[in-house]
Amino acid sequence: MMFMAALKGGDFTNWLGSRNVQWLQSQGHDDLVRKAGDEFASIARQFTETQPQHWQALFFPVAAFGEMQQARLFVKRDRRQGSGGQDRKSEDTRFVVEVDLSQLGELQMDGFVRRQQKDVQFDLVIRSLTPLPDELQQDILRIYNDTGAITGYKGSRAFQAVRECPVNPMEEIMARAPGTVA
């Protein structure tokens, strides 16, 4: 989430941390910091340039269970005028996070956030190829509920064990741009 927030702000230092950047520079790695900052800025531009109604993709590293894994984030935004002649804009955002963990296997978090004026509805489905342990499901529900209590969002959450994830944003992206190799 820190990576996403830093991307939105477009500031590499916010993600890596100013102390870490300073340490790298003090160790003579100015070129590395500059190159990483340029790469980060490029990713931020690509990700924040919105194309309504189309999936945007972002692949980034995450540490899970002591290992580095690649997470795949897909976001689709729908900005529209409010219904009933309202002038205020509303925004619906669908996101899908996919990660393949060595201990839990393939996971897909499929979220839908609907903003209507000051209200936020956040629905979340967590899919896995094998049922998640009850304890893990309870931990996820606790985090979801605690965050909702702090931020004020309302919504639903569900867990699904599936043979194949029914939502495949990468497939939709590739269908839209045949011949593209990611």
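Helices (H or I, at least four residues) and strands (E, at least two) are DSSP runs, numbered from the N terminus. This is a predicted model: local features need pLDDT of at least 70, side-chain atom pairs count only at pLDDT 80 or more, and totals for chains, interfaces and linings use all residues. Residues are numbered from 1 along each chain as its sequence is written, and side-chain values use heavy atoms, without hydrogens and water.

**Exercise 1.** State how many helices and strands the protein chain has, and give their pattern.

Solution. The chain has 6 helices and 6 strands. Along the sequence they follow α-α-α-α-β-β-β-β-β-α-β-α.

**Exercise 2.** Check the span of helix α5, residues 134-151.

Solution. Start with the rule: the expected span is 1.5 Å times one less than the number of residues. Helix α5 has 18 residues, so it should span 26 Å. Its end C-alpha atoms are 26 Å apart, which agrees. After the helix comes G152, with a positive phi near 90 degrees.

**Exercise 3.** Find which residues of α5 are buried and which are exposed.

Solution. Take the cut-offs: buried means under 20% relative accessible area, exposed over 50%, and partly exposed lies in between (1.4 Å probe, protein chains only). Q137, Y144 and G148 are buried in α5. Seen down the axis, the buried residues fall within an arc of 35 degrees, so they line one face of the helix. That arc is taken from the directions from the helix axis to the C-beta atoms. E135, Q138, A149 and I150 are exposed on the other side. The buried residues pack against β5 (119-128) and β6 (157-161).

**Exercise 4.** Describe how β5 and β6 are joined.

Solution. Two strands pair if DSSP finds at least two bridges between them. Here 5 bridges join β5 to β6, and the strands run parallel.

**Exercise 5.** Classify the aromatic pair of F122 and Y153.

Solution. Rings of Phe, Tyr and Trp (its six-membered ring) pair if their centres lie within 6.5 Å; planes under 30 degrees apart are stacked, over 60 edge-to-face, and the rest tilted. The count is 5 aromatic pairs. F122 and Y153 are 5.1 Å apart centre to centre, with 75 degrees between the planes: edge-to-face. F122 lies in β5 and Y153 in the loop between α5 and β6, so the pair ties together parts 31 residues apart in sequence. Both residues are buried. F95, F122, Y144 and Y153 form one aromatic cluster.

Key
Contact means heavy atoms within 4.5 Å.
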